[in-house]
Structure formats: structure tokens, C-alpha cells
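Here is a short briefing on aromatic side chains and their neighbours. Keep the structure open while you read.

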Amino acid sequence: MELKQCGHSGLYVSALGLGTLTWGRDTDGPEAHDMLKTFVDAGGNLVECSPAHGDGIAVDVLSDALSTVGRHRVALAWRGAVRRAGEGAWVSAAGRGDLLRSLDDALARLDTDYVDMWLVEPRPEVPLEETLEAATLAYRTGRARYVGLSRASEWELAEAVTRGVLGASAPISVVEVAFSLANTSAAQTVAELSNRGVGVIAASALAGGALTGKYRHTTPADSRAASPHLRHMVEPYLGGQARTVIEAASRAGAGLERSTGDVALAWVRDFPGVSAALVGPRTCRQLEALLDYSDPLPEPIRQVLTEVAVL
């Protein structure tokens, strides 16, 4: 699998990234272990995890899998942080103390001294400066080799990148944004970040699985759209303009003798400025199908799909 440079940084990640959203809940430990081994054996290295994944269990499943595969083979992206709210609930955190406490907990559970990148998530109730200060401390102490952002507004991205350039905080090397053929709202942001030397991870690159075409005629009983806790990831892409885009990808795939998912993933993976396309298969079988996708799209097909997606 191709390794791509994250912007102008020295960080290189695989063109496909493996997400752990379902690990520990919908994907059990042995299946997750097989997935990670299959992924790294195919040349993949980017693995993204969050404290909320798998109801908080994914980090422990990933830790066990890393001990088998080898920490050195993985570029680990740790996203966000959490703090305990009332009655034991966990909520997203952006304050200095909560951020560092959450990161240190993750490092201990993962049995590692560092994450390759920490994607902090700004919150409106916390000054962005405070969030970036915590990320900078982790960067300067080696707990995070690179710093990035996720779920940030355009204003927050602009300020964070500028502060990094001026040396007021750690340089922003990578940004994670939701981006796919069915969700192109971040296209201009991707281009602007690329121009400023910042790498981009395209999250939900297959729109929660909708871009595989599996929901064109029905909803499989074992799919995300049929799951009470995963349905919200797919529902925005089951109608309207998204359905038009999926049908276009399906027609393109038929003409190229490729699957709908293959076409959709190739489009976002090779989009200018995208360092990695993040996918979250629930089974090793699904992952193996994704790993078969490699060829770029013919340029005329790419242009037509881009027009349909209304960039």
C-alpha cells in the first residue's frame, strides 16, 4: 500500500487508514486482531482510535492487538479526549487538565510512550488557546509525535495553523475532516489545508458504508443502518443528493467492472490534498475487500463523479 506524506511534515501514513469505532462492541477481540494483522501485512500503518470507540473498550482491544502485531508497525492516531460528567457519564473534553489526563490514560492502556499523532477536538466552552497549549505540552514532552485537529470549525483550523506557523503552539501537521464522494462540503477546506502544508485524513470515506452501494435496494439486517447505535452514521446518506451520487458511482463501477465502493474510495483516496482515507470495516472480510481497491480512476470518470457530487 502506498505511503503518503502528511502535508509538509515528516509523517508518512498509508493511503487507507483503519478506524476502530466498532472494536469491542460490534467487532470482538479476535476479529479485531485479525483485522489489524491483515491491515499491516498489506502495508497499512495508520490506525485511528478514540476513547469513545466501542463504548470505551476499543482502546483495550487495540492494545492487545498491538502487542501481537508490533507497535513499531503502526502510526497511531489518537483522537480527542474525554472527561467524566455527572453520574459516571463520559463527555468530550478540551480543557488542559482533562486533555492531558485522558491522553496519559490512553498511553498507559496502550502500553506505549507516545501516539504518532494526537487529533484534539476544540469545544466552544473552552478557549482554543487552552486546548492547543495542552497539545503543545504533549508534543514537547514526546507524548505526541505530531499534533492535529478533528471536528474543528474553519475559524479554529485557521487560528490553530497560524499559531503553529508563528511558533505560539505546536505545528498543526494533520487535520481530520468528514469527506467523501457523498459529503464534499469540506472540499475547499481540504484544498486550503493542502496549500498550507497540512495533511488531511478523510474520515468516513465511505459515508458509513453507504457508498459501498449496499443500501441501494434494501437494508441488510446486519448492517450499520439496521443498528440502533450506528444508524445515525448512515441515515444522512440514504436519500437526496447522496443517493444520486451513489447511483453515479454504481454506474461508473459497472462500466469499469469495479464495485461501487471501489470507485467511491478511489475518488476520495486520490483527491488532491488527502493523505489518507479512513475506513471502519466491522469484519476482516470487509477489510480484505477494501484492501483490494488500488487502481486510480480514469480521469474522465473522476471528473464526471466530481460534477455529480456538486463540489
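The model is predicted: local features need pLDDT of at least 70, side-chain atom pairs need 80 or more, and totals for chains, interfaces and linings use all residues. Numbering runs from 1 along each chain as its sequence is written, and side-chain values use heavy atoms, without hydrogens or water.

**Aromatic pairs**
- The whole structure holds three aromatic pairs (ring centres within 6.5 Å, taking the six-membered ring of Trp).
- Phe-179 and Phe-271 have ring centres 4.9 Å apart and planes at 75°, so they pair edge-to-face (over 60 degrees; under 30 is stacked, the rest tilted).
- This pair links distant parts of the chain, 92 residues apart.
- Phe-179 is in the loop between strand S10 (172-178) and helix H6 (187-195). Phe-271 is in the loop between helix H9 (260-269) and strand S12 (274-279). Helices (H or I, at least four residues) and strands (E, at least two) are DSSP runs, numbered from the N terminus.
- Trp-267 and Phe-271 have centres 5.3 Å apart and planes at 50°, so that pair is tilted.

**Cluster and burial**
- Ring pairs join Phe-179, Trp-267 and Phe-271 into a cluster.
- Phe-179 is buried, at 1% relative accessible area.
- Phe-271 is buried, at 12%.

Note on methods. Buried means under 20% relative accessible area, exposed over 50%, partly exposed in between (1.4 Å probe, protein chains only).
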